[in-house]
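The sequence and the model are shown first.

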Amino acid sequence: MKRLHAFILKSFLGPLTFTFFICMFVLLMQFLWRYIDEFVGKGLEWTVIAEFMFYVSATLVPMALPLAILLASIMSFGNMGENYELIAMKAAGISLQRIMRPLIILVMFIGLGAFYFSNYVMPVASLKTSALLYDIQHQNPELVLKEGVFTSDLPGFGIKVGPINKETGMIHDLLIYDHRNNEGNTQVTIADSGIMSTSEDKLFLDLTLYSGNRYEEVKPKKHRDRDKHPSQRIKFDLYKTTINLPGNELKRTDEDRFRNSYRMLNLKQLAQQKDTLVNELNEEKQRLAHQLSSYQYFKKESKATRNDSTRQILLAAKTWNADSLYQQLNLSDKLRSVGNALSYSRKSKENISRNLSIQEAKNKWIKKHDNEWHRKFTLSFACIIFFFIGAPLGAIIRKGGLGMPVIVSVVFFIIYYIISMTGERAARELVLSPFIGMWISSIVILPLGIILTYKATTDSGILNIDVYINFFKKINPVKFFSKKDA
């Protein structure tokens with residue numbers, strides 16, 4: 001049995017490693033396609049890009065690992081079924097459960113490792129990814145000139161150029177707006193041609209212009225001349241200047257500004273932060289109730305009334321009937337009291353509506369912490385469920401390679417992913433509880449794994465097309481009606 005177990009493990013680990021890296025590559029390319037605009041023209045070093053790819057890859061493991069287990073299990077058992085190895089094992093008296101036993105133990109360890117990965121590694125990877133992506137997004141881009149197009153990549157300048165000679169580097173028809181004084185387009189330079197070159201340390205831009213004019217509005221010195229806009233023109237044959245360039249080194253942001261996000265916390269930190277948020281929400285509810293009862297529902301007594309001890313005793317000793325007091329008022333006092341009541345009611349309604357919207361937003365933020373808490377466990381459970389779907393499915397279809405297994409795996413994973421995203425969104429919008437929203441995909445997929453395992457154990461032809469062809473042949477309508485007519 002040891003040799004058999006080694007053979008089964010070897011048949012599974014090879015496809016698992018191969019499919020895992022394939023899935024990681026596909027998901028990473030999808031991520032890059034989404035954020036490709038953030039990297040273009042930033043002059044990033046390859047070490048920064050490699051570091052970012054490493055952290056992003058770590059955050060994609062929860063999606064890649066279950067899909068890789070599903071695909072690998074279908075491929076391995078499909079190959080064994082296609083090569084009649086499963087039939088030989090069953091002929092030797094080895095059941096499908098005993099064949100799957102070493103892989104079940106292996107998948108259990110993988111699921112346990114996935115839990116520790118999602119609890120300890122994923123928060124750090126998410127923190128590093130968010131901080132580095134923020135730094136890249138706020139990195140100043142390199143100066144890229146396009147013919148006939150204004151560019152503002154150089155801070156404080158707007159530049160438009162004409163034809164560019166790529167061999168000599170000569171630029172024609174330059175139009176440069178200098179905005180460094182923050183007073184609009186008060187300094188404009190027009191040149192027939194010019195050359196731009198960057199210093200070796202990339203801190204300065206040397207600009208040489210030929211045959212042009214420089215226009216500059218002169219700010220009036222006297223207040224009475226504010227409406228006048230005198231300007232001066234300087235004609236030049238050769239004009240040289242140096243412009244300071246922003247540093248191209250990536251400025252790292254303090255990671256503590258992202259540390260309080262729910263995706264950057266482990267189970268213990270999630271529970272602590274959730275308790276803090278719940279306490280703050282309860283305190284806000286109590287503060288709202290106290291504010292309404294003190295200032296909106298009951299009119300405060302005047303200072304003179306509060307200082308009159310005799311009046312306080314009389315007021316406390318007597319029970320007042322609001323309806324009878326209202327009927328004793330004259331018409332003007334009745335109208336004034338009704339108006340005051342309406343005013344207090346409108347203020348109370350506005351205050352309650354405003355606070356309810358704030359409390360709902362805070363409650364949604366708390367539910368996101370609950371969703372993230374459950375997500376730590378759903379990854380491990382998904383790995384186990386997908387194995388119990390893929391292994392019986394491969395034994396039933398008996399097809400290896402990357403043809404049928406890929407199609408079946410993608411279909412099952414898309415169904416699981418759609419259900420998972422729908423449940424998570426419903427939980428985030430307070431439609432479902434976090435437990436139901438995060439576990440609904442596993443609850444839906446689990447019975448399918450049980451059914452497929454049972455069908456594979458009983459050698460069912462549930463996915464054998466010949467079974468359905470023979471079934472429809474038996475209920476041939478032509479033969480049915482011919483027997484009825486006879």
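The largest cavity in this predicted model has a volume of about 40 Å³. A search of the whole structure finds one cavity of 30 Å³ or more. Its lining is made up of Tyr262, Arg263, Lys368, Asn371, Glu372, Arg375, Glu424 and Arg428. Two elements, helix 11 (331-397) and helix 12 (404-428), each give two or more residues to this lining. Helix 11 supplies the largest share, four residues. Sorted by class, the lining of the largest cavity holds six charged residues, one polar residue and one nonpolar residue.

Five strands make up an open sheet with antiparallel pairing, in the order 1-2-3-4-5. Strand 1 (157-160) and strand 5 are the edge strands; each has a single partner strand, so one side of each has no neighbour in the sheet. From one strand to the next, the twist averages 30 degrees.

Strand 4 (residues 204-217) pairs with strand 3 (residues 187-198) in the antiparallel sense over eleven bridges. Strand 4 is also joined to strand 5 (residues 231-244), again antiparallel, by 13 bridges. Residue pairs from these strands are set out below.

| Residue | Opposite residue | Strand of the opposite residue |
|---|---|---|
| Gly212 | Phe236 | strand 5 |

Note on methods. Residues are numbered from 1 along each chain as its sequence is written. This is a predicted model: local features need pLDDT of at least 70, side-chain atom pairs count only at pLDDT 80 or more; totals for chains, interfaces and linings use all residues. Side-chain values use heavy atoms; hydrogens and water are left out. Two strands pair if DSSP finds at least two bridges between them. Axes are lines fitted to C-alpha atoms, for helices over the stretch in contact, and angles run from 0 to 180 degrees between N-to-C directions. On a 1 Å grid over the protein atoms alone, a cavity is a set of points where a 1.4 Å probe fits but cannot get out, and a pocket is an open set with protein on both sides within 12 Å along at least five of seven lines; lining residues have an atom within 4 Å of a point. Grid points are joined across faces, edges and corners, and a volume is the space filled by probe spheres set on the points. Ala, Val, Leu, Ile, Met, Phe, Trp, Tyr, Cys and Pro count as nonpolar, Asp, Glu, Lys and Arg as charged, and the others, Gly among them, as polar.
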